[in-house]
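Here is a short note for someone opening this entry for the first time. Please keep the sequence and the structure side by side while reading.

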Amino acid sequence: MSDFDRAAVRAFRFVDCAFAPESGEARLVYAFDHTDEFVESLRFPGAPFVLDGERAAAVARALRLLHLIAGVSYYKAAVPPEIVIEGEGIGADTAALLQSVYENGLGEFAYRNGLSLRGRIPFPSAPVGAPAGAMPSAPVGAPSGAMPSVGAPSGAMPSPGDPEEASRLKPLLQQQRQPQERALVAIGGGKDSLVSIEALRAAGVEQTVAWIGSSPLIAACAARTGLPTLNVQRTLSPRLFELNRAGALNGHIPVTAINSAILVLAALLTGHDQVVFSNERSASYGSRIVDADGHVTDEVNHQWSKGWDFERDFAAHVRRHVAADLRYYSLLRPYSELAVARQFAKQDRYDAHFSSCNRNFHILGERPTQRWCGECPKCRFVFLALAPFMPKPRLMAIFGRNLLDEPDQAGGFDALMEFRDHKPFECVGEGIEARAAMAALAASPAWSEDALVRRFRDEIAPLLEVADLSIAPLLQASDDHGIPDGLWGRLRANF
Ligand SMILES: CC(=O)N[C@H]1[C@@H](OP(=O)(O)OP(=O)(O)OC[C@H]2O[C@@H](n3ccc(=O)[nH]c3=O)[C@H](O)[C@@H]2O)O[C@H](CO)[C@@H](O)[C@@H]1O[C@H](C)C(=O)N[C@@H](C)C(=O)N[C@@H](CCC(=O)O)C(=O)O
Ligand SMILES: Nc1ncnc2c1ncn2[C@@H]1O[C@H](COP(=O)(O)OP(=O)(O)OP(=O)(O)O)[C@@H](O)[C@H]1O
């Protein structure tokens with residue numbers, strides 16, 4: 001029985017956002033109608049920040065973009081029919097980006113809750129030249145002036161949607177520091193970001209590894225890199241958790257979009273000229289939903305904001321509306337999960353530290369005692385993806401067990417192979433990759449007698465096209481990526 005009447009909520013309001021350079025604290029304020037208020041806070045290390053005019057304006061634009069994207073966590077609790085952006089409105093470009101982030105990023109949420117959100121998330125865009133003046137300021141409810149904001153004088157900040165803005169944005173970062181590349185690299189505790197970090201190290205790029213939240217596992221991996229670190233603290237509004245307990249709508253949100261916007265702001269504050277993520281090519285493909293007759297009726301991508309569509313649009317938006325020379329890209333975009341797994345297996349520096357198991361990353365609840373639960377789609381996929389490229393004893397030492405010799409995990413591996421099930425709503429590679437990895441193991445004396453490999457060989461492989469079971473084509477790099485040209489050449493040589 002739900003105490004929260006979401007149907008009674010008419011509007012989701014973007015109320016205000018503010019950043020205090022002295023403390024490095026950002027506050028993002030939202031509300032349902034005029035009653036329920038949410039305040040999310042973040043703390044960026046390195047304060048006090050001294051922000052001059054150009055940089056202050058870029059920080060204000062990045063903060064605004066973060067406010068707009070991070071609202072998805074709260075909007076989803078009721079998905080009311082109206083969206084209100086208080087103060088200065090947004091232009092058509094920004095509205096289009098947000099529409100895409102909310103619609104696609106909430107794709108799994110909508111599917112699981114039986115909602116239809118396509119074309120129904122009404123971001124209002126204001127005409128260029130609409131009343132200005134509403135610089136991000138002190139949050140509602142706080143005494144006026146309690147939190148001094150960054151920014152240019154009222155009205156001087158370009159609207160994030162102003163089509164003329166691109167020509168007005170001056171290269172900001174190159175003016176202010178040495179021309180050398182300086183990357184802020186997101187680290188998530190799993191194999192992917194570690195592959196990027198080592199690739200950037202080999203390519204000679206100066207880097208700081210950055211993460212959001214208080215995961216000890218990520219902190220340990222970051223320390224293990226031996227590189228400078230930057231940890232942003234993020235506190236979601238406690239009111240969201242109250243509403244969740246009272247029966248609000250809940251489900252997955254595009255967390256990578258939020259993390260990306262946070263790190264864009266962090267890069268501007270700390271003088272980095274690139275924000276680097278580690279989202280692989282496979283992340284662009286969703287789970288195909290099939291009806292009883294085997295027809296594909298929908299595609300739902302759990303990891304939509306890790307995909308190429310998001311990366312391309314967000315990167316372009318940042319360059320056009322936030323800072324003309326701040327690059328945002330994923331270093332692993334050209335590669336499949338299998339190619340990344342092969343690269344990870346080339347060194348064992350992180351074996352005792354990393355984990356891709358998402359059970360480590362809950363905000364609420366207890367921390368797991370084991371780094372790998374061994375029973376979720378991510379554990380299964382990473383085990384399977386690494387197995388063709390790693391000596392078996394090394395892989396079993398990482399996981400503490402052999403998941404491919406556990407018959408009761410058959411259904412889980414079938415879903416990864418998209419065999420009689422759809423790809424799980426998790427951050428796992430494509431079915432074709434899982435099938436190819438399994439086929440490689442079936443041909444390997446070290447693995448071929450393990451229960452689930454034997455089952456694949458005897459019962460599943462005969463139903464599949466042999467030509468589709470080769471790993472080699474899946475290891476080729478693709479051309480769709482946003483990696484800077486010079487770096488791509490150096491990266492390719494080491495991959
Ligand atoms: C750790 C995890 O997988 N959490 C997902 C889980 O949430 P749960 O309730 O079990 O625990 P919490 O993570 O502690 O979250 C508590 C509530 O807070 C909401 N919330 C959290 C973060 C946020 O930024 N906004 C929020 O509103 C959350 O919805 C909970 O109600 O199940 C949830 C529902 O399906 C998922 O939304 C939680 O996923 C986290 C947001 C998360 O960080 N997940 C990453 C591990 C993840 O899935 N990463 C993907 C990238 C997906 C993408 O599109 O970017 C990946 O690794 O590829
Ligand atoms: N807490 C976080 N703070 C900052 N970036 C994060 C965080 N969690 C994940 N990321 C980044 O988001 C992207 C997607 O995360 P993902 O979990 O796929 O990567 P990973 O942890 O590096 O590897 P794996 O896929 O093995 O888990 C990566 O670039 C990762 O660095």
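**Notes on the predicted model**

1. Start with ligand 1. This is a predicted model, and in it 21 residues lie around ligand 1. The nearest are S73, T256, H362, I363 and C427. Helix α10 is the top contributor to this shell, giving three residues. By class, the shell around ligand 1 holds 10 nonpolar residues, 10 polar ones and one charged.

2. Now ligand 2. Its surroundings count 20 residues, with G188, G190, D192, S193 and S356 the closest. Two or more residues each come from α7 (191–202), β6 (206–212) and α10 (255–270). The largest share is three residues, from α7.

3. Next, the annotation. An unreviewed UniProt entry labels residues 354–464 "domain: MurL C-terminal". In the model, this span is 42% helix and 0% strand. The C-alpha atoms at its ends are 34 Å apart.

4. How far does the confidence go? The protein chain has an average pLDDT of 88, and 88% of the residues score at least 70. Residues 131–148 fall below 50, yet the stretch has 44 contacts in the model beyond near neighbours in sequence. Residues 151–164 are also below 50, with 42 such contacts. Please read both stretches with those scores in mind.

5. Last, the overall scores. The model has an ipTM of 0.98 and a pTM of 0.91.

Key:
Residues numbered from 1 in each chain as written. Chains lettered and ligands numbered in written order. Predicted model: local features only at pLDDT ≥ 70, side-chain atom pairs only at ≥ 80, totals over all residues. Near = placed C-beta within 6 Å. Helix = DSSP H or I, 4+ residues; strand = E, 2+ residues; numbered from the N terminus. Nonpolar A, V, L, I, M, F, W, Y, C, P; charged D, E, K, R; others polar. UniProt positions renumbered as here; feature names shortened; annotations may be inferred. pLDDT = per-residue confidence, 0-100. Contact = placed C-beta atoms within 7 Å.
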